[in-house]
Amino acid sequence: MAELLLSDIISNLNQKVDAIYRHSTLIERYSAISRDYGEGIILTESEAHILGYVCEMEEGTVTDLARYSFRTKGTMSKMLKKLEEKGMVQRVKREDNQKWIYVSPTEYGRRANAVHKAYDRAATSIMLEDLQKTCTLEEIESFYKVTQARIKYLSRTHEKMLNKI
């Protein structure tokens, strides 16, 4: 097999950039649709992942969560308010620091997070089976490796842009 060169990748770069953009747009739209993940737990994908971040952190501030999820504090506050109204997160003040308000998951929030993760595993397994019709397992694994590298690159770029503002 002939060696792939960077110039080969660059030769149709506009189509590649458009494919990444279209993929991102589909993900963004998918993330905004409310769905029942099971047990009557209705969330958007964005809300479900923010809830997951809250569960991971156990106790985080709006600023922490906004930075981790690449959102503004205003957007994060709105999302947390929705999760709070659904009984999945709570705002708490620590005895040792009355200045900051922390967000932590409720028991219902922890359960909703577990249900969402199970749903994601099942849905991703179905997608992986479908992808194997046109991609090898090595190509699929490479996609995830490149995606992780892109996250690192884009998060550094994002931080630089925020620091300029």
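Visitor: Why are helix H4 and helix H5 called roughly perpendicular?

Guide: In this predicted model, the axes of H4 (residues 62-69) and H5 (residues 73-85) cross at roughly 110° and come within 9 Å. Angles of 65 to 115 degrees count as roughly perpendicular, under 35 as roughly parallel, over 145 as roughly antiparallel and the rest as oblique, so H4 is roughly perpendicular to H5. The axes are lines fitted to C-alpha atoms over the stretch in contact, with angles from 0 to 180 degrees between N-to-C directions. Helices are DSSP runs (H or I, at least four residues), numbered from the N terminus.

Visitor: Which residues make the contact?

Guide: Contact means heavy atoms within 4.5 Å. H4 brings Val62, Thr63, Leu65, Ala66 and Ser69, while H5 brings Lys73, Met76, Ser77 and Leu80.

Visitor: What makes Ser31 buried or exposed?

Guide: Buried means under 20% relative accessible area, exposed over 50%, and partly exposed in between (1.4 Å probe, protein chains only). Ser31 has 14%, so Ser31 is buried. Ser31 sits in helix H2 (residues 13-32) and, leaving aside neighbours within four places in sequence, touches Thr44, Glu45 and Ser46.

Visitor: And how do you know where Cys55 and Cys135 fall?

Guide: Cys55 is at 15%, so it counts as buried. Cys135 has 28%, so it is partly exposed.

Visitor: How many disulfides are there?

Guide: A disulfide is a pair of cysteine sulfur atoms within 2.5 Å, and the count by that rule is zero.

Visitor: What do these values rest on?

Guide: Residues are numbered from 1 along each chain as its sequence is written, and side-chain values use heavy atoms, leaving out hydrogens and water. Local features need pLDDT of at least 70 and side-chain atom pairs 80 or more, while totals for chains, interfaces and linings use all residues.

Methods:
Helix = DSSP H or I, 4+ residues; strand = E, 2+ residues; numbered from the N terminus.
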